[in-house]
Amino acid sequence: MAAPVVHDVRPYPIADETFLISWGIDAPPVGHFPVNSLVIRGREPTVVDTGAPAVRDEWLGAIFTVVEPTDVRWIFLSHDDRDHAGNLLALLAACPNATLLTTWFAIGRMAEEWTTPMNRCRFVNDREPVDIGDRVLVSVRPPVFDNPTTRGAYDPVTQVYWSVDTFATNTPHPMLESDELADGDFRDGQLLGGRLVAPWHRYLDQGKWDGCVGAVQDLGVAVVAGCHTPVIRGRRVAEAFELCRGLPAVEPWREFDQHDLDGWMAEAGALAEPGAPTS
């Protein structure tokens with residue numbers, strides 16, 4: 001087992017005036033996990049989630065190849081986890097004209113580490129719209145989440161839905177489009193990611209869960225962009241929603257335990273011995 005490797009941060013266009021800011025971390029032994037943010041470069045440019053502090057300089061540099069700092073008008077924060085909010089203060093400092101779209105509870109949770117400037121905030125709850133100039137962005141909570149403040153964002157102009165941690169999936173190597181995955185790998189990845197993010201899936205009432213998933217799918221989503229998934233589009237959008245719908249019936253994921261860790265450390269030690277193969 002090798003140490004985690006952080007991959008390059010780069011912008012990637014996914015729809016008209018819409019860019020994924022993508023990087024990722026190797027996560028042996030299950031492969032790789034993307035870690036993404038989003039930029040909507042419309043009349044009032046909007047940054048969706050603010051990345052992780054581990055790649056702060058690179059992340060800010062990638063953002064500002066897409067949009068000028070003084071042009072950023074909105075920062076939509078899906079929730080306060082570090083891979084989503086880690087560069088928030090740095091982005092607010094760099095973008096003096098930006099207003100933070102967040103919630104009361106998220107502000108409170110972030111107060112454990114920093115003080116968010118309240119005069120630059122606007123509270124936006126689930127299903128509330130925000131006029132961002134040439135479109136109305138709608139806050140829509142995704143079905144799968146690991147943080148109570150989570151809200152996704154739907155752009156009806158491009159039909160792009162920011163799914164936050166819903167549809168998280170491991171991949172065998174860094175990739176930007178889920179079409180690069182074989183059908184079986186896509187299915188297995190969706191089920192792994194869903195169970196990792198939402199270990200509470202086994203407590204769900206299937207009828208209520210169908211309604212929860214359907215409420216998001218019925219938006220008319222054409223493209224899914226999420227923090228921990230390659231872009232999902234075409235036939236895979238419906239497939240992803242169907243796999244998510246089936247989570248209540250899926251067996252819990254077996255977490256790695258000390259036996260696994262001991263094996264990985266023994267393997268790492270053996271590979272470190274002189275003359276040991278390195279591949």
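**A tour of salt bridges and one buried threonine**

Select R187 first: at a relative accessible area of 42%, this residue is partly exposed. The model is predicted. R187 and D188 form a salt bridge, with the closest N and O atoms 3.5 Å apart. D188 is also partly exposed, at 45% relative accessibility.

Stay with charged pairs. Side chains of opposite charge can pair when their charged atoms come close. Searching the whole structure gives 14 salt bridges.

Next, select R135 and D134. Their side chains meet in a salt bridge, N to O, at 3.1 Å. Color by accessibility here. R135 is buried, at 7%, whereas D134 is partly exposed, at 31%.

Move to R233 and E177. The closest N and O atoms of this salt bridge are 2.9 Å apart. R233 sits in strand 13 (residues 229–233) and E177 in the loop between strand 11 and helix 5, so the pair ties together parts 56 residues apart in sequence. R233 is partly exposed at 23% relative accessibility. E177 is buried at 13%.

Then select D183, R235, R236 and E239 together. A network of salt bridges links these four residues.

Last stop: T169. Find it in the loop between strand 11 (160–162) and helix 5 (183–197). Is T169 buried or exposed? T169 is buried, with a relative accessible area of 0%. Show its surroundings. Leaving aside residues up to four places away in sequence, T169 touches H32, F33, P34, G189, Q190, H228, T229 and P230. Zoom in on G189. Its backbone oxygen lies 3.4 Å from a polar atom of the T169 side chain.

Technical notes
Residues are numbered from 1 along each chain as its sequence is written. This is a predicted model: local features need pLDDT of at least 70, side-chain atom pairs count only at pLDDT 80 or more; totals for chains, interfaces and linings use all residues. Side-chain values use heavy atoms; hydrogens and water are left out. Helices (H or I, at least four residues) and strands (E, at least two) are DSSP runs, numbered from the N terminus. Buried means under 20% relative accessible area, exposed over 50%, partly exposed in between (1.4 Å probe, protein chains only). A polar contact is a pair of N or O atoms within 3.5 Å; within protein, one must be able to donate a hydrogen and the other to accept it, and residues adjacent in sequence count only if both atoms are side-chain atoms. Contact means heavy atoms within 4.5 Å.
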